[in-house]
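Work through the two exercises below with the model open. Each task is followed by a stepwise solution.

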Amino acid sequence: MAVLPERRLALLGGGFSTDDDGLLDDWVLDQVPGPRPKVCFLPTASGDAPAYIEQFFSAYGSRSCEPTVLPLFRRELDDDALCAFLLSQDVIYAGGGNTANMLAVWRVHGVDRLLREAFDRGTLLCGISAGANCWAEGSHTDSFGPLTHLSDGLGLLPGSVCPHYDSEPGRRPSYQAAVAHRALPPGWAVEDGVGALFTNGHLTDSVTRIPQACLYRVEPDEDAGAREQAMPCRLLAAPQRPTTAP
């Protein structure tokens, strides 16, 4: 009987666009077997911002991988080529920006369906901010200006996601209120510096590049509020470089 591939995705509270140490980017690539995985960046949430794309190539072009980008605002691939391209990737990395706009553009171009197929085939899906929000059923977002909830994510991760849990004013109480009032299902709050890996819908690894940064599980409580549970996170460390004798 054929063995089904594991369905994996990672929520990132940092990476090449925000951090200088590259620890979370290295962690992402460590999840993929093989010497030179194919990594595709989706900059849709930023409107395919050229500077963001340049940051990606600067960070991943020096790593042991094959980096590419999929622009959709000036799309170059027809439907067959788009399908073949996305399904050939080992990692698909969604960038930050506007979650609602990104999901709308993906759906117009059929990218949402291709991402589901890639996920089912074992491609690692990951992303930061909007690129973390998109994989869940719902998310906490500023896509519409003030912080609010968005309930039509891709649903590849059960529950909801809140990025920037510790770094943006109002995030923590607003997300907790959305969960407490059932506007969003229970979910995961990601502090900056954290990475969380989910395999077949279950948390299988959580890491941080910043001491004390944390991943939280947020659920309604019996008093019409919300409770958060801190999840253990491994502290990532820069690889030791060999020293030479003087």
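Contact means heavy atoms within 4.5 Å. Helices (H or I, at least four residues) and strands (E, at least two) are DSSP runs, numbered from the N terminus. This is a predicted model, in which local features need pLDDT of at least 70 and side-chain atom pairs count only at pLDDT 80 or more, while totals for chains, interfaces and linings use all residues. Residues are numbered from 1 along each chain as its sequence is written, and side-chain values use heavy atoms, with hydrogens and water left out.

**Exercise 1.** Determine which residues of helix α4 are buried, what covers them, and what is found at the helix ends.

Step 1. Buried means under 20% relative accessible area, exposed over 50%, partly exposed in between (1.4 Å probe, protein chains only). In α4 (residues 99-109), the buried residues are Thr 99, Ala 100, Met 102, Leu 103, Val 105 and Trp 106.

Step 2. The cover over these buried residues includes the strands β2 (38-42), β4 (91-94), β6 (136-141) and β7 (148-150), and the helices α5 (111-121) and α6 (130-133).

Step 3. After α4 comes Gly 110, with a positive phi near 75°.

**Exercise 2.** Locate Asn 200 and Ala 224, and state the phi and accessibility of each.

Step 1. Most residues other than glycine have a negative phi. Asn 200, not a glycine, has a positive phi of about 50°; Ala 224, also not a glycine, has a positive phi of about 65°.

Step 2. Asn 200 lies in the loop between β10 (194-199) and β11 (202-208). Its relative accessibility is 42%, so Asn 200 counts as partly exposed.

Step 3. Ala 224 lies in the loop between β12 (215-220) and β13 (226-231). Its relative accessible area is 56%, so Ala 224 is exposed.

Methods. Polar contact = N/O pair within 3.5 Å; in protein donor to acceptor, adjacent residues only side chain to side chain.
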